[in-house]
Amino acid sequence: VKQFWQLFDFLDGKPMGPQGDRVELNHSRSDGFIAINLVQFEAEVAAARLQMPATPSDMKTLLRTSRVRKFVDANKAINSAITSRTTKCWIFKMERD
């Protein structure tokens, strides 16, 4: 889980690709929450030539135990702040500073 969040922090908001487009991973419109589409996350990790810390099925099991960014819900359909479309995301409560 720690490695997953390290990848998220490394990639989210980072300019990538030949156009320097920013990678946006948090689909949440609500302050205090993180909404991640795992399929998109895996694709961005692969595009950055990085490696997922576990298989997709293992990652889903492990993410339910997330404590620093507390797991809230899995595969919840939300209105994405990135695409303005309905997107299925895993929801986490943002850590407090």
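Before you start: residues are numbered from 1 along each chain as its sequence is written, and side-chain values use heavy atoms, with hydrogens and water left out. As this is a predicted model, local features need pLDDT of at least 70 and side-chain atom pairs count only at pLDDT 80 or more, while totals for chains, interfaces and linings use all residues.

**Exercise 1. Find which residues of α1 are buried, and what they pack against.**

Step 1. Helices (H or I, at least four residues) and strands (E, at least two) are DSSP runs, numbered from the N terminus. Helix α1 spans residues 2-11.

Step 2. Buried means under 20% relative accessible area, exposed over 50%, and partly exposed in between (1.4 Å probe, protein chains only). In α1, the buried residues are Phe4, Trp5, Leu7, Phe8 and Leu11.

Step 3. These residues cover an arc of only 155° around the axis, which puts them on the same side of α1; the arc is that of the directions from the helix axis to the C-beta atoms. An α-helix has 3.6 residues a turn, so residues three or four places apart point the same way.

Step 4. The partners of this buried set are β1 (15-16), β3 (33-36), α2, α3 and β5. Just after α1, glycine 13 has a positive phi of about 85°.

**Exercise 2. Describe the aromatic pair of phenylalanine 4 and phenylalanine 41, then the pair of phenylalanine 71 and tryptophan 90.**

Step 1. Rings of Phe, Tyr and Trp (its six-membered ring) pair if their centres lie within 6.5 Å; planes under 30 degrees apart count as stacked, over 60 as edge-to-face and the rest as tilted. The whole structure holds six such pairs.

Step 2. For phenylalanine 4 and phenylalanine 41, the distance is 4.4 Å centre to centre with 40° between the planes, a tilted pair. Phenylalanine 4 sits in α1 and phenylalanine 41 in α2 (residues 38-47), so the pair ties together parts 37 residues apart in sequence. Phenylalanine 4 has a relative accessible area of 0%, and phenylalanine 41 likewise has 0%.

Step 3. The ring centres of phenylalanine 71 and tryptophan 90 are 5.6 Å apart and their planes stand at 55°, so this pair is tilted. It links strand β4 to strand β5 (residues 86-93), across 19 residues.

**Exercise 3. Work out which members of the largest nonpolar core touch the most other members.**

Step 1. A nonpolar core is a set of buried Ala, Val, Leu, Ile, Met, Phe, Trp, Tyr and Cys residues joined through side-chain atoms within 4.5 Å.

Step 2. The largest core has 19 residues, and Phe4, Ile36, Phe41 and Phe92 touch the most other members. Each of α1, β3, α2, α3, β4 and β5 supplies at least two residues, with α1 giving the most, five.

Step 3. Contact means heavy atoms within 4.5 Å. Beyond four places in sequence, isoleucine 36 contacts residues including Leu25, Cys89 and Trp90.
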